[in-house]
Amino acid sequence: MAWDFSTEPEFQERLDWMREFVRAEVWPLETIFEELGEDGFRRAIAPLQEQVRERGLWAAHLPPDLGGRGFGQVKLGLMHEILGSSPFAPVVFGNAAPDSGNSEILALAGTDDQKQQWLHPLLAGDLKSAFSMTEPDSAGSDPTLLETRAVQDGEDWVINGRKWFSSNASVADFLIVMAVTDPDAHRYQRASMFIVPADTPGVQIVRDVPTMEHPYDRKGVYGGHAEIVYDEVRVGPDALLGARGAGFLIAQQRLGPGRIHHCMRWLGVSRRAFDMLCERAKTRYSHGSLLADKQTVQNWVADSAAEMHAARLMTLHAAWKMDTEGASAARLEIGMIKFYGAKVLHDVVDRALQAHGALGYSTDLPLEQMYRFARAARIYDGPDEVHRQSVARQILRGYEAPEDGVPSEHVPTRREAARARFADLLEAVTSND
Ligand SMILES: Cc1cc2nc3c(=O)[nH]c(=O)nc-3n(C[C@H](O)[C@H](O)[C@H](O)COP(=O)(O)OP(=O)(O)OC[C@H]3O[C@@H](n4cnc5c(N)ncnc54)[C@H](O)[C@@H]3O)c2cc1C
């Protein structure tokens with residue numbers, strides 16, 4: 001029997017250290033982030049990052065042969081569950097999105113020179129990156145409709161187009177840009193990826209788009225989602241990342257791990273919200289009893305616990321399948337946890353917020369911020385509906401309509417067949433009567 005839900009004691013010790021470290025050293029920074037500013041924040045986390053490196057836990061998303069300290073997806077899942085509890089913990093551990101996903105594609109598709117120039121400094125934390133695919137004027141959920149073009153001019157490529165929601169692009173050193181290079185090719189072979197240094201002439205960061213998460217104007221802040229015009233952006237042949245026309249293939253390779261890493265982090269956010277829900281239930285007295293004694297609140301606690309457990313097992317199972325059979329073999333499992341995990345995250349945070357009443361709605365607690373964060377989870381890296389569609393299609397491929405159109409479980413038809421098969425027995429039973 002190979003089913004085993006235990007964690008190696010040596011790795012458990014690392015997880016215990018991480019949990020304590022994140023809570024003691026990283027959570028406090030959340031409350032003074034705005035006061036620290038970008039530079040102050042970087043100074044505050046530098047010694048923490050050093051401790052993470054000393055522990056051998058830095059950039060754990062990539063295996064050692066690709067330049068990281070990786071342990072595989074299952075262990076990463078257990079680590080991310082802890083890191084997800086704070087928006088800053090992944091940065092302290094060198095595996096924050098979008099840098100983690102970008103380092104994965106550089107590791108997979110980059111040439112030795114590209115790895116030298118971009119991957120190693122990215123992994124070391126010396127560079128910041130962005131992934132620039134979604135456009136305001138074409139459906140991001142169907143990237144075959146991309147409009148940004150890259151046209152060859154001599155040896156160079158010239159990129160023109162408009163992107164938005166390129167996370168961290170306004171502070172990034174380089175952008176990985178998806179652009180159509182072969183408009184007449186098969187729909188999944190039209191686009192290619194390019195590494196574009198952020199200071200290349202023609203790269204215009206228009207703004208960081210104000211969002212539910214940050215509903216005010218700002219620009220050049222870590223965590224922003226930039227709108228970018230690429231206006232006659234000229235890059236050399238060494239900018240092409242992977243083969244020409246392989247943009248979708250690489251995007252799939254990036255988005256598979258990227259998606260599950262989000263799901264892993266959401267477990268940590270849900271857990272933190274759940275702890276707040278339970279604490280509140282044991283504290284708040286109303287209408288003759290504590291909230292903990294009211295059946296609705298008990299339902300919230302029980303439902304949240306069950307859903308979080310299901311999401312955790314689904315996430316770790318998808319991770320295990322990635323480790324054992326590869327990312328593309330785990331497409332179904334990753335798709336399922338992407339939309340299911342986003343819903344669990346949303347519902348748990350929503351219940352915790354509701355249980356706190358006005359306090360939950362206020363910025364005196366992190367729940368309102370978690371709620372805004374949770375809402376985006378249903379959209380980025382593919383909206384829920386697209387993942388559901390993809391999951392359903394994959395499942396339905398295993399089914400056929402019955403030739404005669406009668407449902408295979410149709411009881412009268414089955415009864416008729418059973419009567420024919422057991423005619424002798426039925427005859428004997430009837431004659432005994
Ligand atoms: C916080 C955040 C960070 C992001 N970061 C990045 C980033 O770093 N880089 C990047 O390139 N992009 C990024 N994105 C963009 C994100 O990937 C896209 O928003 C997403 O793919 C959806 O594309 P769209 O916004 O164009 O929506 P559309 O494609 O216009 O879809 C709109 C809605 O239509 C519905 N829909 C679409 N297709 C179907 C279907 N087949 N069946 C049923 N309903 C459907 C869904 O409800 C969907 O939400 C980010 C987005 C957010 C919110």
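Trainee: Which residues are closest to the ligand, and how many surround it?
Mentor: The ligand is surrounded by 18 residues, and Phe131, Thr134, Gly140, Ser141 and Phe165 are the closest. A residue counts as near a molecule if one of its heavy atoms lies within 4 Å of it. The model is predicted, with local features needing pLDDT of at least 70 and side-chain atom pairs pLDDT 80 or more, while totals for chains, interfaces and linings use all residues. Residues are numbered from 1 along each chain as its sequence is written, and side-chain values use heavy atoms, without hydrogens and water.

Trainee: Which element supplies the largest share of the shell around the ligand?
Mentor: Helix H12 does, with 3 residues. Strand E3 (156-167) and helix H12 (384-396) each give at least two residues to the shell. Helices (H or I, at least four residues) and strands (E, at least two) are DSSP runs, numbered from the N terminus. By residue type, the shell has 9 nonpolar, 7 polar and 2 charged residues. Here Ala, Val, Leu, Ile, Met, Phe, Trp, Tyr, Cys and Pro count as nonpolar, Asp, Glu, Lys and Arg as charged, and the others, Gly among them, as polar.

Trainee: Why is His387 called buried?
Mentor: Buried means under 20% relative accessible area, exposed over 50%, and partly exposed in between (1.4 Å probe, protein chains only). His387 has 6% relative accessibility, so it is buried. His387 belongs to helix H12. Leaving out residues up to four places away in sequence, His387 touches Arg259, Gly335, Lys338, Phe339, Asp381 and Gly382, where contact means heavy atoms within 4.5 Å. One of these, Asp381, sits in the loop between helix H11 (367-377) and H12 and has a positive phi of about 55° although it is not a glycine.

Trainee: Why does Ala327 count as partly exposed?
Mentor: The relative accessibility of Ala327 is 32%, which puts Ala327 in the partly exposed class. Ala327 is in the loop between helix H8 (295-325) and helix H9 (331-355). Apart from residues up to four places away in sequence, Ala327 touches Met322 and Ile334.

Trainee: What makes helix H3 largely enclosed by the rest of the structure?
Mentor: Of the 11 residues of H3 (residues 73-83), 9 are buried, so the helix is largely enclosed. Among the buried ones are Leu76, Met79 and Ile82. The cover over the buried residues of H3 includes helix H1 (9-30), helix H4 (89-92), helix H5 (99-109), helix H7 (247-283) and H8.

Trainee: How do you know how many disulfides there are?
Mentor: A disulfide is a pair of cysteine sulfur atoms within 2.5 Å. By this rule the count is 0. As for burial, Cys263 is buried because its relative accessibility is 2%, whereas Cys278, at 24%, is partly exposed.

Trainee: What is the backbone like at Asn168?
Mentor: Asn168 has a positive phi of about 70° although it is not a glycine. Asn168 lies in the loop between E3 and strand E4 (174-180), and counts as buried because its relative accessible area is 4%.

Trainee: Which residues does a cis peptide bond join?
Mentor: Ala97 and Pro98, with omega about 0°. Pro98 is in the loop between H4 and H5.

Trainee: How many helices and strands does the chain have?
Mentor: The chain has 14 helices and 10 strands. Of its 433 residues, 45% count as buried.
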